[in-house]
Amino acid sequence: MPTGLHLARRPRLQSGAAALLGTLLCAGAVLAARLPASVPDPDAVLAEAWEVVRTQPAEGPLLPGTRARAVLLRRLVGAWPTEAKRRVAYAAVLFAGARGEPERTAAAFHAAAAARLAPATAPVQSGAAVLLAGCGDPEGGVRCVRRLFALSPREGARTLLQLEPLLEPRSVVAALPLHPEAHLAWIAQLREEGDREDADRLLAEAWTRWPDDPRVLRAAVLADRGRGDWTAAARKLEGPPLDLELRAVRARALAETGRTAEARAELQSVQAAAAGAGVDVLQLWGDAALALPDPERARALYEAALYRLPAEAPAERRIRLLRRLATAEERLGHDGAALRLWREVLTLDGTDAAAGARVAALSGLR
């Protein structure tokens, strides 16, 4: 894609405007089929214009072919003024081939027009947001991002990531609607990018603002678990009834903080329900039992999880369970069973150093 549209400081993401062109050129075939033979296919012209812009030298005047296609595109946009997807794609072509302020002004004009025409169309709002911010109208981009968060929090977060280098910190905050789902999507995006410090800070703020929201509670508690901060997790989980996943985390938090009697009571209270739980929940309950320590109960829970793990599940999921089950068997003194399980881990991942060490240690005992 043209470097002018690559706005993010995080290089693996691309502009929503460029992605929109691909979507548009696939989806436009139905409309194009209805055109008279004498009328150019606008999607074909868009595709050609985009390819020409990509090969246009970064410096110097526009090539004649580039200018000719831009003129043709402008006529087509005039013929279909209400087609927002084509309008924002045209704006992307203008921006990518811009040689001065007039082209960028035109790109911003058409991006804003497209955003007004399709306020509930996520690709249009995403592309318009990137283009407006790139053309020097960050506030216009923020308005599009706020609409996008209402349509798709995940896409809103991805687009905000593209705008972030062009925005003041206050504008990034302004782009987030005051709704837990929007904030959680942005936090997840930051965490995915490796920006854990900002993600943790924003999650703490979300927990302060929405302590009763179950989605915020889950995210905050799982972040505590990831840091090994079981005291904070236990404190957050002292409230109303929870689902099986969070009850498992609570049981482990109680065990890790020395409240073993409460942890055992928690495990006992959901024994029947846990029997019908999914693989991940069973693993969490096994972790809670192992922390008590109750390795016999942990072994039963890990075995149940392995039994329910689909055959096509990624090897990493099976390895996680096998490692836990092997640990439980070792704590029970079943070295032969543990050795077989560690060897199975090595069969799935021959580079697993911990499994190799346990195989070597247990083999020496036999």
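Reader: At what angle do H9 and H11 pack, and how far apart are their axes?

Author: In this predicted model, H9 and H11 pack at an angle of about 50°, and their axes lie 8 Å apart.

Reader: What makes H9 oblique to H11?

Author: Angles under 35 degrees count as roughly parallel, those over 145 as roughly antiparallel and those from 65 to 115 as roughly perpendicular, while the rest are oblique; the angle of about 50° falls in that remainder, and therefore H9 is oblique to H11. The crossing of these two helices is right-handed. On the side of H9 the contact is made by Pro 153, Arg 154, Ala 157, Arg 158, Leu 160 and Leu 161, and on the side of H11 by Glu 181, Ala 185, Trp 186, Gln 189 and Glu 192. These residues divide into 6 nonpolar, 1 polar and 4 charged.

Reader: Why is helix H9 called largely enclosed by the rest of the structure?

Author: A residue counts as buried when its relative accessible area is under 20%, and because 8 of the 11 residues of H9, which spans residues 153-163, are buried, the helix is described as largely enclosed by the rest of the structure. The buried residues are Pro 153, Gly 156, Ala 157, Thr 159, Leu 160, Leu 161, Gln 162 and Leu 163, and they pack against helices H7, H8, H10 and H11.

Reader: How do you know whether H7 is roughly parallel or roughly antiparallel to H8?

Author: The axes of H7 and H8 cross at roughly 160° and come within 7 Å. Since an angle over 145 degrees counts as roughly antiparallel, H7 is roughly antiparallel to H8. H7 passes H8 in a left-handed crossing, and among the residues that make the contact are Ala 129 and Leu 132 of H7 and Cys 144 and Leu 148 of H8. The residues of this contact divide into 10 nonpolar, 4 polar and 1 charged.

Reader: What makes H5 and H6 roughly antiparallel to each other?

Author: Helix H5, residues 84-96, and helix H6, residues 101-117, pack at an angle of about 160° with their axes 8 Å apart; that angle is over the cut-off of 145 degrees, and H5 and H6 are therefore roughly antiparallel to each other. Their contact includes Tyr 90 and Phe 95 of H5 together with Phe 109 and His 110 of H6, and its residues divide into 13 nonpolar, 1 polar and 3 charged. The crossing of H5 and H6 is left-handed.

Reader: Why is Ala 108 called buried, and which residues is Ala 108 in contact with, leaving aside its neighbours within four places in sequence?

Author: Ala 108, which is found in helix H6, has a relative accessible area of 16%, and because the cut-off for buried is under 20%, Ala 108 is buried. Leaving aside its neighbours within four places in sequence, Ala 108 is in contact with Leu 132 and Cys 135.

Reader: How do you know whether Cys 135 and Cys 144 are buried or exposed?

Author: The relative accessibility of Cys 135 is 14%, so Cys 135 counts as buried, and Cys 144, with a relative accessible area of 1%, is buried as well. A disulfide would need a pair of cysteine sulfur atoms within 2.5 Å, and by this rule the count comes to 0 disulfides.

Key
Residues numbered from 1 in each chain as written. Predicted model: local features only at pLDDT ≥ 70, side-chain atom pairs only at ≥ 80, totals over all residues. Heavy atoms only, no water. Buried < 20%, exposed > 50% of the residue type's maximum accessible area, 1.4 Å probe, protein only. Helix = DSSP H or I, 4+ residues; strand = E, 2+ residues; numbered from the N terminus. Contact = heavy atoms within 4.5 Å. Axes fitted to C-alpha atoms, helices over the stretch in contact; angles between N-to-C directions. Left-handed = near helix turned anticlockwise from the far one by under 90°. Nonpolar A, V, L, I, M, F, W, Y, C, P; charged D, E, K, R; others polar.
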